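Please open the model in a viewer and keep the selection panel at hand.

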Amino acid sequence: MKKLILSLTIAAGIMLPAVAQTPPDKEEEGASNAVERISVESMGNVVIDIPDNILQNILKEEQAAPKHSEPVLRPGINKMSGYRIQVFSDGHNQHSLESRARARGNAIVAKFPKYRGQVYSYSSSPNWYTRVGNFRSSSEASAALSELKRAFPQFAAEMRVVKSQIVVIK
């Protein structure tokens, strides 16, 4: 519907300047400018005549546009909004943070090889984070979180699902 309104607005912007020009014989009748004259003559209602073929094209485009579709995946690496499981987050004991963050990711990959290449350790000063997975939906991430919590009960309190940019390879 937004496209239809935008198209109508654009069409009005193209047509109105041509209509809004005051003919020489009307200038003497007291209309101070074209906008006022149109406003008075139309009583605030402006009718835009759109040819049927153009209107049908506008409506076809509106109907063809998917409302809430999956993002289009192109061959190769795609980045999109999704979810990851945060398995490490700490800002204390600075000298060992990076090694602890990476060790947590390595422990997960050792037990779950399916996450190889999906462990992301990074720093956002003063904290280090390790996140696992590339999940498109929250439910997928929650199922994996349950699996990881069972496998690593000592870290379970720290683990949680977070919204993140993910990588999907097609």
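Begin by selecting F112, Y115, F135, F152 and F155, which ring pairs link into a cluster; rings of Phe, Tyr and Trp (its six-membered ring) pair if their centres lie within 6.5 Å. The model is a predicted one, in which local features need pLDDT of at least 70 and side-chain atom pairs count only at pLDDT 80 or more, while totals for chains, interfaces and linings use all residues. Residues are numbered from 1 along each chain as its sequence is written, and side-chain values use heavy atoms, with hydrogens and water left out.

By the ring rule, the count comes to five aromatic pairs. F152 is buried, at a relative accessible area of 6%, and F155 is buried at 19% (buried means under 20% relative accessible area, exposed over 50%, partly exposed in between, with a 1.4 Å probe and protein chains only).

Next, from F155, move to R104, which is in contact with F155 as well as V87, F88 and E158, leaving aside neighbours within four places in sequence; contact means heavy atoms within 4.5 Å. R104 is located in helix α5 (residues 97–111); helices (H or I, at least four residues) and strands (E, at least two) are DSSP runs, numbered from the N terminus. R104 is buried, with a relative accessible area of 10%. Display the backbone oxygen of V87: a polar atom of the R104 side chain lies 2.6 Å from it.

Then select the sheet. Four strands form an open sheet in the order β2-β3-β1-β4, with antiparallel pairing; two strands pair if DSSP finds at least two bridges between them. The edge strands, each pairing on one side only, are β2 (119–124) and β4 (160–169). Strand β1 (residues 77–90) runs antiparallel to β4 and is joined to it by 10 bridges. To locate one of these, select M80 and its bridge partner in β4, I166.

Finally, turn to helix α3 (residues 34–42), where A34, R37, I38 and S42 are buried. Seen down the axis of α3, these buried residues fall within an arc of 110°, so they line one face of the helix; the arc is that of the directions from the helix axis to the C-beta atoms. The face turned away from the buried side of α3 carries the exposed residues V35 and V40. Just after α3, M43 takes a positive phi of about 55°.

Methods: A polar contact is a pair of N or O atoms within 3.5 Å; within protein, one must be able to donate a hydrogen and the other to accept it, and residues adjacent in sequence count only if both atoms are side-chain atoms. Rings of Phe, Tyr and Trp (its six-membered ring) pair if their centres lie within 6.5 Å; planes under 30 degrees apart count as stacked, over 60 as edge-to-face and the rest as tilted.
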